[in-house]
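This briefing sets out selected structural features, grouped by topic. Please consult the sequence and the structure shown below while reading.

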Amino acid sequence: MLSSGLASTTGRLLVMVRLYSPLSEPEDAVDRDLTAATVNLVGAYCGDFTLGGLIKNIDVRGAHGVALSARAGYLEQDSAVFRVFTISVPLIVNDLWEEAP
């Protein structure tokens, strides 16, 4: 359950982070490099899940909805195909909105 104070409300924001690379030869290298970058970034989110004290926490295990996760796919843009990894980063933020008196 999200907490609230007397004058403010805690909220959950889902931020999507996208890493992408144009497909090139060898394609295995693109997957290897993007996978490594994604794993490193998700690890950094787990290692500093308050983002330096800016938020209450990243909902790593999905206690309030979607968990911290990543999904691989492809994206076509401007006639070019990109390999993409999209990371879902659920942020729990204290005092996000003021409540009316």
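Ala-37 lies in helix α1 and, at 34% relative accessibility, counts as partly exposed; buried means under 20% relative accessible area, exposed over 50%, and partly exposed in between (1.4 Å probe, protein chains only). Ala-37 and Leu-19 are 18 residues apart in sequence, and their C-alpha atoms are 8.1 Å apart in space. The model is a predicted one, in which local features need pLDDT of at least 70, side-chain atom pairs count only at pLDDT 80 or more, and totals for chains, interfaces and linings use all residues. Residues are numbered from 1 along each chain as its sequence is written, and side-chain values use heavy atoms, with hydrogens and water left out.

**Helix α1**

- Helices (H or I, at least four residues) and strands (E, at least two) are DSSP runs, numbered from the N terminus.
- Helix α1 has 21 residues and reaches 30 Å from its first C-alpha to its last, close to the 30 Å expected at 1.5 Å a residue; the expected span is 1.5 Å times one less than the number of residues.
- The buried residues of α1 are Ala-29, Val-30, Leu-34, Thr-38 and Tyr-45.
- These residues cover an arc of only 160° around the axis, which puts them on the same side of α1; the arc is that of the directions from the helix axis to the C-beta atoms.
- An α-helix has 3.6 residues a turn, so residues three or four places apart point the same way.
- Asp-28, Arg-32, Val-39, Asn-40 and Gly-47 are exposed on the other side of α1.
- The partners against which the buried residues of α1 pack are β1, β2 (57-58), β3 (69-77) and β4; contact means heavy atoms within 4.5 Å.

**Nonpolar core**

- A nonpolar core is a set of buried Ala, Val, Leu, Ile, Met, Phe, Trp, Tyr and Cys residues joined through side-chain atoms within 4.5 Å.
- The largest such core has 13 residues, of which Tyr-45, Ile-58, Leu-68, Ile-87, Val-89 and Leu-91 touch the most other members.
- At least two residues of this core come from each of β1, α1 (27-47) and β4, and β4 gives the most, with five residues.
- Leaving aside residues up to four places away in sequence, Ile-58 touches Tyr-45, Phe-49, Leu-51, Leu-68, Val-89, Pro-90 and Leu-91.

**Loop between α1 and β2**

- Ile-55 is found in the loop between α1 and β2 and is buried, at 12% relative accessibility.
- Although Ile-55 and Val-93 are 38 residues apart in sequence, they are 4.9 Å apart in space, C-alpha to C-alpha.
- The contacts of Ile-55, not counting residues up to four places away in sequence, are Phe-49, Thr-50, Leu-91, Ile-92 and Val-93.
- Leu-51 lies in the loop between α1 and β2 and counts as partly exposed at 30% relative accessibility.

**Positive phi values**

- Most residues other than glycine have a negative phi, and most peptide bonds are trans.
- Leu-51 has a positive phi, near 50°.
- Ser-79 also has a positive phi, near 65°; Ser-79 is found in the loop between β3 and β4 and is exposed, with a relative accessible area of 74%.

- Rings of Phe, Tyr and Trp (its six-membered ring) pair if their centres lie within 6.5 Å; planes under 30 degrees apart count as stacked, over 60 as edge-to-face and the rest as tilted.
- By this rule there is one aromatic pair: Tyr-20 and Phe-82 are edge-to-face, with 5.5 Å centre to centre and 85° between the planes.
- Tyr-20 lies in strand β1 (residues 8-22) and Phe-82 in strand β4 (residues 80-98), so the pair ties together parts that are 62 residues apart in sequence.
- Tyr-20 counts as exposed at 53% relative accessibility, whereas Phe-82 counts as buried at 15%.
- The charged end of Arg-83 sits over the ring of Tyr-74, 4.5 Å from its centre; this requires NZ of Lys or CZ of Arg within 6 Å of the ring centre and within 35 degrees of the ring normal.
- Gly-73 is found in strand β3 and is buried, with a relative accessible area of 18%.
- Gly-73 touches Phe-82, Arg-83 and Val-84, not counting residues up to four places away in sequence.
- Gly-73 and Val-89 are 16 residues apart along the chain, and their C-alpha atoms are separated by 17 Å.
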